[in-house]
Amino acid sequence: MGLDDIFFIGIGLSMDAFAVSICKGLKMKVIDLKQGLVIALFFGGFQAIMPLIGYGLSVNFVNYINQYSHWVALVLLVIIGGNMIRESVGDEEDCCDNEGIKLKELFMLAIATSIDALAVGVTMGTMGDKMEVSIGASVAMIGVTTFVISLCGVVVGNMFGAKYKSKAEIAGGIILILIGIKVVTEHYL
């Protein structure tokens with residue numbers, strides 16, 4: 001597995017984080033660079049840490065991890081997506097006021113969107129000599145790729161959210177729930 005393979009793996013792994021970043025951008029009335037960087041740092045950081053953990057676990061726990069990871073992702077994404085939909089139809093004005101990021105929610109989203117990166121790390125650990133790139137360089141590339149793509153997602157989400165606040169939040173919540181369902185169905189297909 002070469003550097004170009006790792007780059008494309010990073011892009012593939014970052015797609016869930018991109019979709020969630022769009023959802024986070026939808027909730028901002030005005031783009032906040034600091035908040036966008038925090039969101040991108042969470043997603044990029046977790047996408048880098050999880051393959052490293054998977055690499056360390058490698059063969060010993062691969063069956064256990066794969067047995068439950070899809071359900072963990074589904075539950076987290078359904079809870080957060082459902083909450084997003086609930087907030088969009090409620091009378092709450094604070095859902096788009098740039099007051100700050102809910103770190104607990106961001107932490108859960110980062111875990112939910114990076115569970116597949118854990119499996120990639122396990123795969124890397126079992127490849128041995130077939131890995132042309134060190135694990136350090138691999139996780140750095142995956143993390144940086146996800147960081148950049150997530151930051152772009154916040155900006156894209158904000159562009160649409162400013163115009164279509166309520167409908168965009170409903171769509172964002174539905175997207176999160178669908179990502180969770182996708183994770184579970186991919187596990188069984």
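The entries below go from the overall fold to the helices, the core and the cysteines.

**Entry 1: the overall picture.** First a reminder to myself: this is a predicted model. I went through the secondary structure and found six helices and zero strands. Read from the N terminus, the order is simply α-α-α-α-α-α. I then looked at burial, and 45% of the 189 residues are buried. Among contacts with a separation of 6 or more, 92% are between residues 24 or more positions apart.

Entry 2: I wanted to know whether the helix lengths made sense. Helix α1 covers residues 3–26, which is 24 residues, so at 1.5 Å a residue it should span 34 Å. Its end C-alpha atoms are 34 Å apart, so that agrees. Still, α1 has a kink of about 40°, centred on M15.

I did the sum again for α4, residues 103–127. Its 25 residues should span 36 Å at 1.5 Å each, and the end C-alpha atoms are 35 Å apart, which agrees.

**Entry 3: the core.** Which residues touch the most other members of the largest nonpolar core? I noted I6, I39, F43, L77, L109, M124 and L176, out of 34 residues in that core. The elements giving two or more residues to this core are α1, α2 (33–57), α3 (62–89), α4, α5 (135–161) and α6 (165–188). α4 gives the most, with nine residues. As background, nonpolar side chains tend to be buried together in soluble globular proteins.

Setting aside neighbours within four places in sequence, M124 is in contact with I6, Y55, M131, I135, S138 and I142. One of these, I6, is also on the list of residues that touch the most other core members.

**Entry 4: cysteines.** How many disulfides are there? The count comes to zero. C23 has a relative accessible area of 1%, under the 20% cut-off, so I have it down as buried. C152 is at 41%, which falls between 20% and 50%, so C152 goes down as partly exposed.

Terms used. Residues are numbered from 1 along each chain as its sequence is written. This is a predicted model: local features need pLDDT of at least 70, side-chain atom pairs count only at pLDDT 80 or more; totals for chains, interfaces and linings use all residues. Side-chain values use heavy atoms; hydrogens and water are left out. Helices (H or I, at least four residues) and strands (E, at least two) are DSSP runs, numbered from the N terminus. The expected span of a helix is 1.5 Å times one less than its number of residues. The bend at a residue is the angle between axes fitted to the seven residues ending there and the seven starting there. A nonpolar core is a set of buried Ala, Val, Leu, Ile, Met, Phe, Trp, Tyr and Cys residues joined through side-chain atoms within 4.5 Å. Buried means under 20% relative accessible area, exposed over 50%, partly exposed in between (1.4 Å probe, protein chains only). Contact means heavy atoms within 4.5 Å. A disulfide is a pair of cysteine sulfur atoms within 2.5 Å.
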